Amino acid sequence: MDPTNKPKGSSPHYSLYQREIFRQGGTEGKLPHFSVHPDELVESTKKKLNDRAYFYANSNAGLGWTDKANREAFYAWRIIPRMLVDTNVRDLSIELFGHRIPAPILFAPIGINKLYSPEGELVPAKIAGELGLPYCLSTAASNTIEDVAVANDSGALSVASEGGNYCQVRAGSNVNSPRFFQLYMGHDDEVTISLLERAWKSGFDVCMLTVDTWQLGWRPTDINLANYVFYYPPGTTGNELGASDPVFMRKYGEELKQDSGKWIDSSVWHGKAHTWKKIPWLIKEWKRISGGRPFVIKGIQSAEDALKAYEIGCEGIVVTNHAGRQVDGAVGSLEVLPEIVDAVGDKMKIIFDSGIRTGSDIFKAIALGAHAVQVGRLYVWGMAHEGEAGCRHVMKSLLADLDITMTVAGYPSITRDVNRKALKYNENGAYPRGEHAKL
């Protein structure tokens, strides 16, 4: 069948992006400006950024063993292709917290995006809107909550005006895609409530609390550069959420003028851990503000903690080790996913994070029971190359990779067909070394 003439399904035919690239190369001589092979992409990113920007996104805790464990865990699971299956129409769409989204991918919350592109978080927020995929905004962002919401809506509206069929309509607004707010919670409850109120008013309708990063992990490549952008002149990058917050500025604005680290050191990576005891209060406040919208904990790596999250009222968790950036020598995130799914997979939404590089990786995480995945470093690497165009190219390539994987492996539906029967675990498989060991 001509791939340009396939029946319409629940998801866009992402695979056609491959054909588009081939056709532009053959008929117009236009080639992609950079490679989306993960190894080559990260290497070319080094040439696009200064050391501080590059290592902020790519530093790992300690010796980087947890980052390696993330990739090794993916290598151990192998896809079992099925033949003579009708995959002419694929359905990659899922339901997530009341939103119907066209593919099981979220833009992960990553801070200080102005290190990678002058427009910062406005870039991935817009691209997420274009693709109809959820965008997660970090508390450590370098654009305001309100500006990011506008960019996200602008992306969705641009697709809708062109006849796109995978953006949704949120009550009280025009066409848009879902957006979630990732919270780093400080110890001033007034500031926390102010951030949540601003997020809700700007259309961020899921709260995602990060619980693995009260303190930044020991990252030697950052130590070598004293890589903490907040202390360097002009001292404004990364402070945008605090500097735009009326409660924070009323209480701490004068201190921020004297100490550019005041926002980040007191409200983001403050080094003072919260405990489970505090979480019910936060859930209650978010429910009050949002009218009962979902609350998610990000940073779960054990079935025991997943059960605790469920018992205190969370609707979802993010299974992540912060991409190997916090605890060196820890378990790979995919290693613990099956036991977490067995414990709570039928009770709450599970989003997988840490180590996603390819469409096959997404397939494997979904097969092991995740409902969706978060992608972070990939889109940062793309925007570091060409801003919006680079971010768009990387994410459309990832979607095409997933769509084609399902086509050629014989799995038409991401929710109906992709499960543990689609995988085989190889206990004795040696992880590749040498040329492709960096994946």
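Me: Which residues does I317 touch, and what makes them contacts?
Reply: Contact means heavy atoms within 4.5 Å. Leaving aside residues up to four places away in sequence, I317 touches V296, I297, I300, A306, A309, I340, V344, M348, K349, I350 and I351. Bear in mind that this is a predicted model, where local features need pLDDT of at least 70, side-chain atom pairs count only at pLDDT 80 or more, and totals for chains, interfaces and linings use all residues. Residues are numbered from 1 along each chain as its sequence is written, and side-chain values use heavy atoms, with hydrogens and water left out.

Me: What makes a set of residues a nonpolar core, and which residues have the most contacts inside the largest one?
Reply: A nonpolar core is a set of buried Ala, Val, Leu, Ile, Met, Phe, Trp, Tyr and Cys residues joined through side-chain atoms within 4.5 Å. The largest has 123 residues, and F107, F181, F295, I317 and F352 have the most contacts inside it. Helix α16 gives the most to this core, with 14 residues. In soluble globular proteins, nonpolar side chains tend to be buried together.

Me: Why is strand β8 called largely enclosed?
Reply: Buried means under 20% relative accessible area, exposed over 50%, and partly exposed in between (1.4 Å probe, protein chains only). Five of the five residues of β8 (residues 179–183) are buried, so the rest of the structure largely encloses this strand. Both faces are covered, with R179, F181 and L183 buried on one side and F180 and Q182 on the other. Strands here are DSSP runs of E, at least two residues, and helices are runs of H or I, at least four, numbered from the N terminus.

Me: How do you know which strands pair with β8?
Reply: Two strands pair if DSSP finds at least two bridges between them. Three bridges join β8 to strand β5 (residues 135–137), and these two run parallel. Strand β9 (residues 207–210) also pairs with β8 in the parallel sense, over three bridges. F181 stands opposite L137 in β5 and opposite C207 in β9.

Me: What makes the path from β8 to β9 right-handed?
Reply: The chain crosses from β8 through helix α7 (residues 189–201) to β9. A crossover is right-handed if, with the strands pointing away from the viewer, the path from the first strand over the helix to the second runs clockwise. This β-α-β crossover is right-handed.

Me: Why is the pair of R392 and E130 called a salt bridge?
Reply: The term asks for a side-chain nitrogen of Lys or Arg within 4 Å of a carboxyl oxygen of Asp or Glu. R392 and E130 meet at 2.8 Å, N to O, so they qualify. R392 lies in α16 (residues 377–409) and E130 in helix α5 (residues 122–131), so the pair ties together parts that are 262 residues apart in sequence. Salt bridges that share partners join K126, E130, E388 and R392 into one network.

Me: Why is E130 called buried but R392 partly exposed?
Reply: E130 has a relative accessible area of 12%, so E130 counts as buried. R392, at 24%, falls in between the cut-offs and is therefore partly exposed.
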